[in-house]
Amino acid sequence: MNTLKSKFLENGYVIVDILEKTELESFRQIMADLLDVEVRADNREVHSSSFQHLGDEIRDFARENRQYYFHLLTKPGTESIHHAFHNPRIMGVVESLLGPDLIINNASILAANKGVKYDLGWHRDVIQIPQQEIEEDYLYSKTRFHNSCQINLPLYDEDALWVVPGSHNRVNTSEENAVFDGSKHYAPLGKEMPGAIPVPLKAGQAVFYNNNLIHRGYTEEVIIPRRTIHMGYHSASKPPTWHFYLLNAALLKPDYLAGLSATMQNMMHEYLECRRQFPQMSDTWKRGFAERI
Ligand SMILES: O=C(O)CCC(=O)C(=O)O
């Protein structure tokens with residue numbers, strides 16, 4: 001087994017250098033054209049980030065004092081950054097971790113301007129699963145293959161992601177359960193998690209993580225504006241996880257698809273074909289589903 005994969009399996013995450021200097025500069029320019037760094041919220045009230053995955057509109061950026069989350073795969077006007085989603089270095093790493101025939105199922109920008117306090121509570125990425133259906137001993141076991149890899153690729157240095165290394169394939173300890181305070185989704189804000197560490201990333205590095213890890217997003221106060229490309233993939237050689245359904249397939253209309261590059265059109269057609277094979281998100285967390293071939 002390659003070293004990256006054994007580290008990924010053991011710790012639940014690996015950090016890899018991805019962008020060369022010129023690529024980084026080019027992505028920074030594209031990002032600057034999409035999001036204004038100077039805009040500051042007039043309203044300084046702090047906002048919760050728990051539902052950030054539902055997505056924001058680019059035109060609303062920085063109106064409030066919080067981190068923003070922009071979906072990209074379904075948003076006309078964001079095509080200039082889409083080549084990040086078939087970057088050969090990123091795809092190569094994910095293939096080595098998950099297997100061949102990658103399907104992208106989420107792509108977004110995590111963005112916060114200077115001065116923002118960002119606090120997304122401790123969680124595993126299981127928000128789509130009703131709490132009473134979360135069978136931890138199956139979902140977080142060493143034997144179930146978690147066919148999902150999430151990536152943060154910051155364009156500026158950051159340490160907003162925090163993780164509990166090795167927590168992806170075991171159930172919570174009693175100390176962790178105490179922090180979750182009865183929730184299987186998000187822990188209440190403001191509690192320390194035993195064993196948690198920040199993941200400092202240099203601009204152009206990426207963290208590849210198993211999103212069953214106990215993790216959170218947290219920055220006491222953003223100093224360098226956050227501009228991070230966030231992506232998720234699975235391998236079509238195995239059944240997908242619930243993360244596959246994050247992409248709103250209803251928005252992949254022929255008119256929209258026609259405006260994408262040939263490579264992106266192909267990726268979206270592969271996504272839709274996979275969706276045809278696996279129409280039901282609620283199957284994906286049932287015992288035995290991940291083991292289906
Ligand atoms: O890097 C971050 O801000 C955390 C992202 C996160 O927790 C998630 O996508 O589930």
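I took two strands as paired if DSSP finds at least two bridges between them. Helices (H or I, at least four residues) and strands (E, at least two) are DSSP runs, numbered from the N terminus.

**Basis.** I noted that this is a predicted model, in which local features need pLDDT of at least 70 and side-chain atom pairs count only at pLDDT 80 or more, while totals for chains, interfaces and linings use all residues. Residues are numbered from 1 along each chain as its sequence is written.

**Strands.** I looked up strand S1 (residues 13-17) and found it antiparallel to strand S10 (residues 205-209), with five bridges joining them. Within this pair, Val 14 has Phe 208 of S10 as its bridge partner. I then found that S10 also pairs with strand S7 (residues 149-154), in the antiparallel sense and over three bridges. Asn 152 stands opposite Val 207 in S10.

**Helices.** I looked up helix H1 (residues 3-11) and helix H3 (residues 88-98), whose axes come within 9 Å and cross at roughly 65°. Axes are lines fitted to C-alpha atoms, for helices over the stretch in contact, and angles run from 0 to 180 degrees between N-to-C directions. Leu 4, Lys 5 and Phe 8 in H1 meet Val 93, Ser 96 and Leu 97 in H3, where contact requires C-beta atoms, placed from the backbone, within 7 Å.

How values were computed:
Two residues are in contact if their C-beta atoms, placed from the backbone, lie within 7 Å.
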